[in-house]
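Please look through the sequence and the structure below before reading the report.

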Amino acid sequence: MKDNYKQYFIDILRKYRLGTASPEEVTFLEKYYDLFESNEDLSLTDEDAVRIKDLIKGGIDQELNYATNKPANSWQWIKYAAAASVVLMLSVTLFLMLNPRTNNNRLTASANDVDPGGNKAILTLANGKKIVLDDASKGQISTQTGINITKTADGQVVYNVTGDENTISEPTQNTISTPNGGQYTIVLSDGTKVKLNAASSLTFPNSFMKSDRVVELKGEAYFEVAKQTGKRFQVLSEGQTVEVLGTHFNINAYTNEEKIKTTLLEGSVKVLLGQNNMMISPGQQVLADRTSTSLSKKDIDPEKEVAWINDQFFFDNDNLKSVMREVSRWYDVDIVYTGYIPDKKFFGGIPRSSKLSEVFKILELNNVHFEIKGKTVKVSYSGTP
């Protein structure tokens with residue numbers, strides 16, 4: 001379905017370049033370009049921004065060729081592809097939903113707007129000491145026998161092994177946790193990089209030199225596991241175990257989501273739940289049912305699942321309540337529904353650096369209305385059931 005939406009947008013751009021676009025299509029392009037220009041907090045490099053603006057100015061053919069022939073570096077491709085897809089999906093979302101009856105729908109409580117989340121987390125050491133990472137200065141923040149814990153200039157926490165196996169004491173468990181409206185990146189002592197999404201936590205040993213590489217996740221995180229020959233890495237989450245040797249994957253194990261989702265981007269992953277287990281390949285996702293302990297897998301577009309690590313919301317056939325769960329976690333707001341809420345699907349995207357009202361502008365184009373009072377958002381629908 002997403003490919004069809006992209007094609008609609010491509011057709012509009014070509015008609016615009018040929019001078020055959022309708023007044024409505026021209027208005028759409030102008031409105032979208034204004035929206036893009038006014039959003040100064042897009043999480044893109046200068047090069048990315050130039051590429052994406054070229055989409056509006058007529059460079060769609062080159063961009064499609066670039067997306068088809070992806071760079072070999074997976075992280076680079078994920079970053080660019082997620083951003084480009086957000087632009088395409090947001091553009092078509094606006095076009096498909098824009099109509100005279102909904103043009104005047106706007107957030108009624110913009111004065112009570114809510115800022116987006118950011119890098120916020122607490123690191124809890126084995127002795128119970130808590131370090132508020134967003135307040136901590138860069139440099140060394142703690143030491144443990146044979147382990148040095150530092151905060152980098154770009155806001156990551158890094159565990160460095162400073163001794164050998166004989167000088168390191170028995171591993172102790174540490175926990176990094178993010179609140180609603182928080183995210184954080186940590187580099188574990190083996191070099192594994194983990195980015196935590198909002199309302200998540202990771203419990204891990206301060207060193208893997210004398211222990212298996214086992215961590216416990218609550219919520220959502222993206223893993224880039226360092227390869228260690230013969231030493232597997234395990235992630236425990238809500239009764240599920242993910243086993244890898246060295247790979248890139250995302251786990252969404254929020255308790256208020258229907259199923260645990262494990263998405264693979266690189267390497268191979270084995271997912272275990274109860275007596276069941278399943279292997280997946282890059283571009284596949286395992287859905288784990290907590291109640292029945294059943295596992296199923298499907299081919300997916302990984303851009304959607306990892307858009308959050310590039311500070312993007314990416315909605316692709318998501319219903320309103322699913323969208324609002326993401327919004328609730330990132331903006332730290334409570335959602336209250338009033339009246340009939342349809343099971344409509346939403347397509348599109350917007351930077352997570354946007355204020356809450358910017359997210360709602362997209363959703364309001366489809367007869368959904370919002371009222372912000374403090375940390376509570378009331379959601380209603382005025383369309384036909």
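## Aromatic rings

This is a predicted model, and a reader may begin with its aromatic side chains, which form 8 aromatic pairs in the structure. One aromatic cluster brings together F208, F223, F233 and F249, and two of these names, F233 and F249, return below among the contacts of V225.

R329 is placed over the face of Y254, at 3.7 Å from the ring centre, while R352 lies over the face of F313, at 6.0 Å from the ring centre.

## The chain as a whole

The protein chain has 385 residues, of which 52% count as buried, and its secondary structure comes to 8 helices and 24 strands. When contacts with a separation of 6 or more are considered, 55% of them in the protein chain are between residues 24 or more positions apart.

## The largest pocket

The largest pocket has a volume of about 890 Å³. Its lining is made up of 33 residues, and those that lie nearest the centre are K261, K304, E305, D318 and S322. The elements that contribute two or more residues to this lining are β18 (284-288), α6 (302-306), β20 (312-319) and α7 (320-331).

Which element gives the most to the lining of the largest pocket? That element is β20, with 7 residues. Sorted by class, the lining of the largest pocket has 17 charged residues, together with 9 nonpolar and 7 polar ones.

## Two buried loop residues

V225 lies in the loop between β11 (213-224) and β12 (233-237). Is V225 buried or exposed? V225 counts as buried because its relative accessible area is 6%, which falls under the limit of 20%. Apart from neighbours within four places in sequence, V225 is in contact with T192, R213, F233, V244, L245, G246, T247 and F249. The C-alpha atoms of V225 and L188 are separated by 9.5 Å, although these residues are 37 residues apart along the chain.

T192, one of the contacts of V225, has its place in another stretch, the loop between β8 (182-187) and β9 (193-196). T192 is also buried, with a relative accessible area of 0%. If neighbours within four places in sequence are again left aside, the residues in contact with T192 are I186, V187, R213, E224, V225, A226 and F233. From T192 to H248, the distance between C-alpha atoms is 9.9 Å, and the two residues are 56 residues apart in sequence.

## Positive phi angles

A199 has a positive phi of about 50 degrees although it is not a glycine, and A199 lies in the loop between β9 and β10 (201-205). Because its relative accessibility is 31%, A199 counts as partly exposed, a class that lies between the 20% limit for buried and the 50% limit for exposed.

D311, likewise not a glycine, has a positive phi of about 60 degrees. Where is D311 found? D311 is in the loop between α6 and β20, and both of these elements are among those that give two or more residues to the lining of the largest pocket.

Notes. Residues numbered from 1 in each chain as written. Predicted model: local features only at pLDDT ≥ 70, side-chain atom pairs only at ≥ 80, totals over all residues. Heavy atoms only, no water. Phe/Tyr/Trp six-rings, centres within 6.5 Å; stacked < 30°, edge-to-face > 60°. Lys NZ or Arg CZ within 6 Å of the ring centre and 35° of its normal. 1 Å grid on protein atoms, 1.4 Å probe; cavity = no way out; pocket = protein on both sides within 12 Å on 5 of 7 lines; lining within 4 Å. Points joined across faces, edges and corners; volume = space filled by probe spheres on them. Helix = DSSP H or I, 4+ residues; strand = E, 2+ residues; numbered from the N terminus. Nonpolar A, V, L, I, M, F, W, Y, C, P; charged D, E, K, R; others polar. Buried < 20%, exposed > 50% of the residue type's maximum accessible area, 1.4 Å probe, protein only. Contact = heavy atoms within 4.5 Å.
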